[in-house]
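Here is a short report to read alongside the model. Please keep the viewer open as you go.

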Amino acid sequence: MSNPARVSEIFSSIQGEGYLAGRRQIFIRLDECNLDCRYCDTVYDRGIPCQVETAPGSGALRPLPQPPNGDALVTLVTEWCNRLPGAHHSISVTGGEPLLQAETLVEWLPGLRRILPIHLETNGTLHAELGRVIDNIDYISMDMKLPSTAVCGQDLWQEHRRFLEVAVQRQASVKVVIGQDTPLDEISRVCAIMAAVEPSTPLFLQPLTNPAGAVDVTAGQILRLQETAAALLPDVRVIPQMHKMLGAL
């Protein structure tokens, strides 16, 4: 494995979002992103080493020089699975935006997938890059970025539709981060895209979380947005960021 990729964190935790919420995963968080969402709490600094848990679930981190070696990742994941047999459901490749480093994922994913299924968490904008790696992906959790909460001034609807058209080759789901000011027409737009591509795809409404870890959207607003989506799609769920409520990584 020769292609380098910057990885910010490797840790074991409970998936707190979307289709696999509640499952324990090994998270490989890649650095860098092509978007700048208003609610993003990730800081990118090319001078920071990768942080790896000293033991799965310990919460204690040690530095690993950048860029990590792909064979070393396979060895680490194998060791953690041997240490905790049956504990992990899958590997979550997340970010940042992991598909920015698709060339590296082409090399890394086959070896990792021989250990555990692969779950890709993505902002749903890089459909060509997804096409390069999809043969080694099992689950895809894609965001649709709403102007009201994420990317003011950017129209990503067509990018999201093209991405979903590729993603539905696997077990795909869509997540949208909703806020107190999210208009009903944005949710309707998301649902229209999903209905046109594959209406059975699950949609997850994720209320914004404030810096203290609490949901920052009223129950009334959440229910209004859920009602709008449920009238248009058969599988709509509301899940806040569970890992933050648990105090987990």
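What follows covers the nonpolar core and then the salt bridges.

This is a predicted model, in which local features need pLDDT of at least 70 and side-chain atom pairs count only at pLDDT 80 or more, while totals for chains, interfaces and linings use all residues. Residues are numbered from 1 along each chain as its sequence is written, and side-chain values use heavy atoms, with hydrogens and water left out.

**The core**

Let us begin with the inside. A nonpolar core here is a set of buried Ala, Val, Leu, Ile, Met, Phe, Trp, Tyr and Cys residues joined through side-chain atoms within 4.5 Å. Buried means under 20% relative accessible area, exposed means over 50%, and partly exposed is in between (1.4 Å probe, protein chains only). The largest such core has 56 residues, and I10, L130, I140, M144, V176, I187 and L203 are those with the most contacts inside it. Helix α5 (residues 184-197) gives the most to this core, with six residues. Helices (H or I, at least four residues) and strands (E, at least two) are DSSP runs numbered from the N terminus.

**The salt bridges**

A salt bridge is a side-chain nitrogen of Lys or Arg within 4 Å of a carboxyl oxygen of Asp or Glu.

| Pair | N to O distance | Relative accessible area |
|---|---|---|
| R6 and D31 | 3.6 Å | R6 10%; D31 4% |
| R83 and E79 | 3.1 Å | R83 42%; E79 39% |
| R170 and D135 | 3.8 Å | R170 27%; D135 56% |

D31 and R6 form a salt bridge that links distant parts of the chain: D31 is in the loop between β2 (24-30) and β3 (50-53), and R6 is in the segment before β1 (7-14), 25 residues apart. D31 is buried, and R6 counts as buried too.

Where do R83 and E79 sit? They are four residues apart in helix α1 (residues 70-83), so about one helical turn separates them. R83 is partly exposed, as is E79.

The side chains of R170 and D135 also meet in a salt bridge. Because R170 lies in the loop between α4 (157-167) and β8 (171-178) and D135 in the loop between α3 (127-133) and β7 (139-143), the pair ties together parts that are 35 residues apart in sequence. R170 is partly exposed, whereas D135 is exposed.

Finally, salt bridges that share partners join E17, D143, K145 and K175 into one network.
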